[in-house]
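This report describes a two-chain structure through its fold, its contacts and selected residues. The sequence and coordinates are shown first.

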Amino acid sequence: MSRRDEILLACEKVVAMPTCIRKAGALLDGPETDLVRLSRIIEHDPGLTANLLKVVNASDLASDRPVLTANEAMEVLESPEVLRFFISTGVAPYYVHVIAGYDQVPSQFLQHSTTVAIASRELASALGLDAPGHVFTAGLLSGIGKLLLGAYVQVDMRQILHMVFDEGLAFDRAEERMLGINHAELGGILLERWGLPDALTRVVCHHLRPDEYDGRDVVLDLVHVGNVLAKMIGVGLGADGLNYEVSPRVVERLGITSEVLDTVSAEVVVELQSLWDLFLECSDDFCSV
Amino acid sequence: MNNTHVVGISDMKLSTNPGDVIVTYSLGSCLGVTVYDPKERMGGMVHCLLPSAAAAKEKARANPFMFVNTGVAMTVRRLVDLGADKNRLIFKAAGGANMRQDRIFDTGVRNFDALMKLLERNHRQLTARDVGGTIPRTLFLYLDTGRVVVRSLGKESDL
């Protein structure tokens, strides 16, 4: 069996994305936890958002149309009691202490994912684009394959970094050479298996190399650049660093200049300051290496 | 009591306590700059997101540390206010990374250029640097000796 097949097989058994133990605890605290707080925690956490979209899209509650964002999912669930039922059964039952191999503790992964999401949305706004509402969710979920590889697969980061620095490969290409699959494709495949809508899974799958997507999707373009921006800003960077390629075609298509990028970067950093409490919740001794 | 001061993005910390350490994590394209007076054993560190306030003047007024040109100048001013001698200050820098093969945005390069222009204009020199490339960096300043350490991918080196 190839390494790729082994990884895909291991991920077939994954029934829910992990989150950090304190956050899972906060979600299951009981009736004193209000819905606004629950919503804020879920919509800024890639694992919890993926789990919620999975259970909601698989349920009868969302039969008329695919549910694309955590907010829509919570609207579909209607009441705090139903949301809590879903949380206790399928949204927050697992937690991790460290995303092994990628040199990221959960709080860093969370920070980085949230930064990608905000950057993608702010970029649309700065460019005056009327982008669909799931830009934020697609950005938030884009790196989820890393969570999978880190939590469920033994990844030898040294060998991947050796390929990056000694052979000059981009990080995702080195992953592919080493594992037979990169984290973007793996994330896309898993979310597709879970029944998440194609509008999200294709962005997750192609966000590192949008030119390989056979079609045109403004959300994909925005998340590609949002991911680049998040890496440049540096919040929650892992060992993969800035070792990814920027698509000149996407940059041209969106009409991005360094001035636009600077403006968006400044907006993102200001917005992140209102979210540090969420990141701190995930960075205590339980969650740190 | 000795403390570790953590510098966030678009943030600055300084200390006059020789037992303290100042650190900033996750430098991507941002530039971390340390400023140290070896006689007074006081220093500061600033973590700048962007080269200059030209694109966002309002934000520079609200937070000068977001930008290299205003952030480094403000750090020096604050240290001088605390008793540092401007002519003794030692400047070191780390960060300024760029995306792989990226010549489109070049934020890391622009950040470092902004620092060099600022220092040149003020007839100051950069004593040491670890900038560019594609790696994330963590930067430490030890106030007792002015030692500056860069940690990246699990390895530490003195600057």
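## Overall composition of chain A

Of the 289 residues in chain A, 54% count as buried. A residue is termed buried if 20 or more other C-beta atoms lie within 10 Å of its own, exposed if 12 or fewer do, and partly exposed in between, with C-beta atoms placed from the backbone. The model is predicted, and local features need pLDDT of at least 70, side-chain atom pairs count only at pLDDT 80 or more, and totals for chains, interfaces and linings use all residues. Residues are numbered from 1 along each chain as its sequence is written, while chains are lettered from A and ligands numbered from 1 in the order in which they are written.

The secondary structure of chain A consists of 17 helices and zero strands. These elements are DSSP runs numbered from the N terminus, with helices being H or I runs of at least four residues and strands being E runs of at least two. Among contacts in chain A between residues at least 6 apart in sequence, 73% join residues at least 24 apart. Two residues are in contact if their C-beta atoms, placed from the backbone, lie within 7 Å.

## Domains of chain A

The domain assignment divides chain A into domain 1 (15–91) and domain 2 (106–281); such bounds come from an automatic or database domain assignment. The contact takes 21 residues from domain 1 of chain A and 23 residues from domain 2 of chain A. On the side of domain 1 of chain A that touches domain 2 of chain A, the elements giving two or more residues are helix H2 (21–27) and helix H4 (46–58) of chain A. H4(A) provides the largest share of that side, eight residues. By class, the side of domain 1 of chain A that touches domain 2 of chain A has twelve nonpolar, five polar and four charged residues. In this classification Ala, Val, Leu, Ile, Met, Phe, Trp, Tyr, Cys and Pro are nonpolar, Asp, Glu, Lys and Arg are charged, and the others, Gly among them, are polar.

Leu48(A) lies in helix H4 of chain A. Leu48(A) is buried, with 26 other C-beta atoms within 10 Å. The C-alpha atoms of Leu48(A) and Ala70(A) are separated by 8.9 Å, and the two residues are 22 residues apart along the chain.

Helix H12 (residues 183–193) of chain A is mostly covered, with nine of its eleven residues buried. Among the buried residues of H12(A) are His183(A), Glu185(A), Leu186(A) and Ile189(A). Just after H12(A), Gly195(A) takes a positive phi of about 90°.

Helix H13 (residues 198–206) and helix H14 (residues 218–233) of chain A pack at an angle of about 40°, and their axes are 9 Å apart. Axes are lines fitted to C-alpha atoms, for helices over the stretch in contact, and angles run from 0 to 180 degrees between N-to-C directions. H13(A) and H14(A) are therefore oblique to each other; angles under 35 degrees count as roughly parallel, over 145 as roughly antiparallel, 65 to 115 as roughly perpendicular and the rest as oblique. H13(A) passes H14(A) in a right-handed crossing. A crossing is right-handed if the near helix is turned clockwise from the far one by less than a right angle, and left-handed if anticlockwise. Ala199(A), Arg202(A), Val203(A) and His206(A) in H13(A) meet Val219(A), Leu220(A) and Val223(A) in H14(A). By class, this contact has five nonpolar, one polar and one charged residues.

## Interface between chains A and B

In the interface, 27 residues of chain A are in contact with 27 residues of chain B. H14, helix H15 (248–254) and helix H16 (258–272) of chain A are the elements that give two or more residues to the side of chain A that touches chain B. The largest share of that side, eight residues, comes from H16(A). By class, the side of chain A that touches chain B has 16 nonpolar, seven polar and four charged residues.

## Features of chain B

Helix H2 (residues 68–81) of chain B and H3(B) pack at an angle of about 50°, with axes 9 Å apart. H2(B) and H3(B) are therefore oblique to each other, and their crossing is right-handed. The contact is made by Val68(B), Asn69(B), Val72(B) and Ala73(B) of H2(B) and by Asn111(B), Ala114(B), Leu115(B) and Leu118(B) of H3(B). By class, it has six nonpolar, two polar and no charged residues.

Ser26(B), in strand E3 (residues 21–27) of chain B, has a phi near 55°, a positive value in a residue other than glycine. Ser26(B) is buried, with 23 other C-beta atoms within 10 Å. Asp106(B) has a positive phi of about 55° although it is not a glycine, and Asp106(B) counts as partly exposed, with 18 C-beta neighbours inside 10 Å.
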